[in-house]
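I wanted to look up a few residues and a patch of charge. These are my notes, in the order I made them.

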Amino acid sequence: VGFWWRNTSKFLEDGVMQATAYRFYRQVQEHTATKFMPGILASALEFCEGVPCKNQQADDLSRLHKRVAEHMVKNQGDQNNDIMKVKTLLYAHLLREEIPASLQSDMELVLEHAHRLLNGLLNIVMEQRFVTATMNVIEFSQLLTQALWFHSNMLLQLPHFDMQQVKHATRLLSSTKTEKTTAPPIERLKELGPEKRREALKTLSEEQHKDIDLYLNHFPDIEISFDAKVEDEEDVMEGDV
């Protein structure tokens, strides 16, 4: 019982280690930008214990780091080798870099636990009422899910899409008028229909096109409307509740 208590007492209700929550707490502020989120997430103690640096991975990790280094921003924990390893893996995932075989299992572990830890980070910024930071944590969670770099073209969310497919699709959208001219590109591509998509994206196989069709069929089309008013009053005035 004592052993179980010592282990469980390390964790908060959301499953995040207390030491990790403290690290997150020290690094986030009201206006913490999305670009700092990979480094903050990488500082989680769960990663330091689960994917420590190993001598046999040093060369592969060094080469991978060189490929992503120009995109990195500085974080508080950059002097820690274990944190920098996880940070490098996160950047490589967001940039869709090929992961060396020696680092594959570590990459899988990072992605397996990343969203649970991000949820813990989200709880912290929400409790602090950091509105901007809250929105940025949510945005980073979406980027991590889609393996997208900051401000990437939205079309890269689509299955089997790379920059070559984005180029063909963008050319198609620019030359075709649709009812949703101002809509995001994914909605416009969906509206064009499968035949036109196949004409423009000829390098994709039929199976790949079916994956795209399935994705677009499930892509949400949401319209939101609202009405601000005060019950039993004709106008809304400052201080009304």
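Entry 1, surface charge. I started with the negative surface patch, which is formed by E231, D232, E233, E234 and D235. The model is predicted, and I read every entry here with that in mind. I then checked its accessibility. D232 counts as exposed because its relative accessibility is 76%, and the cut-off for exposed is over 50%.

Next I went to helix α12 itself, where H209 is placed. Is H209 buried or exposed? I noted 3% relative accessibility, so H209 counts as buried; the limit for buried is under 20%. I also looked for what the side chain of H209 reaches, and found the backbone oxygen of L201 at 2.9 Å.

I moved on to helix α7 (residues 104-127), which holds N123. Its relative accessibility is 25%, so N123 counts as partly exposed. That class lies between the buried limit of under 20% and the exposed limit of over 50%. Which side chain does the side chain of N123 contact? I found a polar contact with the side chain of D14, at 3.1 Å. I also looked up the spacing to F11: N123 and F11 are 112 residues apart along the chain, and their C-alpha atoms are separated by 14 Å.

I have D232 down as exposed, H209 as buried and N123 as partly exposed.

Definitions and conventions:
Residues numbered from 1 in each chain as written. Predicted model: local features only at pLDDT ≥ 70, side-chain atom pairs only at ≥ 80, totals over all residues. Heavy atoms only, no water. Patch = residues over 30% accessible without salt bridge, like charges linked within 9 Å, V, L, I, M, F, W, Y side chains within 5 Å. Areas by Shrake-Rupley, 256 points an atom, 1.4 Å probe, with all protein chains shown as cover. Salt bridge = Lys/Arg side-chain N within 4 Å of Asp/Glu carboxyl O. Lys, Arg positive; Asp, Glu negative; His and termini not counted. Charge placed at Lys NZ, Arg CZ, Asp CG, Glu CD. Buried < 20%, exposed > 50% of the residue type's maximum accessible area, 1.4 Å probe, protein only. Helix = DSSP H or I, 4+ residues; strand = E, 2+ residues; numbered from the N terminus. Polar contact = N/O pair within 3.5 Å; in protein donor to acceptor, adjacent residues only side chain to side chain.
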